[in-house]
Amino acid sequence: MKKMLLAALVALAGGAAQASGPILITGAGATFPNPLYSKWFSEYNKLFPDVRFNYQAIGSGGGIQQFTAGTVEFGATDAPMTAEELAKAPDAVHIPTVLGAVVVTYNAPFVGLKLTPDVLAGIFLGKITRWNDPAIARVNPGITFPDTAITVVRRSDGSGTTSIFTDYLAKVSPEWKEKVGAGKSVSWPVGLGGKGNDGVTGLIKQTPGSIGYVELAYANQNKLPLTALRNRDGNFVLPSLESTSAAAAGVTMPADYRVSLTDAAGKDAYPMASFTYLLVHKDAKDAAKGVALANFLWWAVHAGQAYAAPLDYAPLPKPVVGMVEKTIQGLLVQGKPVSLAAAK
């Protein structure tokens, strides 16, 4: 069966490549899922050497801009496109790929940090400026905190990771909602800016006393400590694959997949979880690239899910996979239904 599937995919994707040379599919966007996407593109190319990907991890904001401008075949974003953004790209289709978690991490001489929503907001508002502040100590009675300054580290670029982080804070802190708000780019009250998840990770590692937010994979790969956050049910929860999946358990997925998972209900739900998305055109203008990209998407939400957990991403829930299958089957290539060898 597997050999038949591979042969069929070669006939569709590889066959088109033989007629016009190797297929190069370009994309740009989120750094949040970049470790997984890099793995996917590499593994898929091993299966189909004539299908290659060039993905630039420039942040969700840049990915949406390039996708809208038509300079790439697909975009990537952790924050669903807004109504204003969709008005400029009305044929955009969101394809959820995996779930991830935005984590609060730090560079300080202790472990086991816990934060409540008000304390986290206070730090990023610039109101809590030292590690031994009584507000932090009250939540962490077992930790002796140093009398040192806190350095906030945040994103400098338009970022889906920032959108998730600020969406959460806007839900749990009225002061944050009023003074800063939510979005891929905000006017930060304090902090050093780093470009991409890797830039923020690097700044935290080299700045004693710092605290910032990155995607779970970046914290784990760099051996940075994780912070337990108090969720809506009042429980302190560490970010993990299980707590990320728990955040999606009680959420109803809309038909266009544009949904927020932050501050989700559930005793085990981690409060800063999110789907991440690939953006594709409903009707691909290039036949070979359209067929190849659609078949890659099918592979990604099926066989590709096996690569998620080892890289600290949670696989898509089965009901969501069922929805995405129908969405991919509904894609068009030059006005005609796309040929999906993988679905046969």
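Leaving aside residues up to four places away in sequence, I123 touches L115, I128, I136, I150, V152, V190 and I211, where contact means heavy atoms within 4.5 Å. This is a predicted model in which local features need pLDDT of at least 70 and side-chain atom pairs count only at pLDDT 80 or more, while totals for chains, interfaces and linings use all residues. Residues are numbered from 1 along each chain as its sequence is written, and side-chain values use heavy atoms, with hydrogens and water left out.

I123 is among the residues with the most contacts inside the largest nonpolar core, which has 102 residues; such a core is a set of buried Ala, Val, Leu, Ile, Met, Phe, Trp, Tyr and Cys residues joined through side-chain atoms within 4.5 Å, buried being under 20% relative accessible area, exposed over 50% and partly exposed in between (1.4 Å probe, protein chains only).

## Packing of α5 and α7

Helix α5 (residues 117-124) packs with helix α7 (residues 160-172) at an angle of about 120°, their axes lying 10 Å apart; helices are DSSP runs of H or I with at least four residues, and strands are runs of E with at least two, numbered from the N terminus. Axes are lines fitted to C-alpha atoms over the stretch in contact, with angles from 0 to 180 degrees between N-to-C directions. The contact is made by P117, L120, A121 and F124 of α5 together with F165, Y168, L169 and V172 of α7.

## R230

R230 is found in strand β9 (residues 228-230) and counts as partly exposed because its relative accessibility is 33%. Residues up to four places away in sequence aside, R230 touches L115, T116, P117, Y168, N235, F236 and P271.
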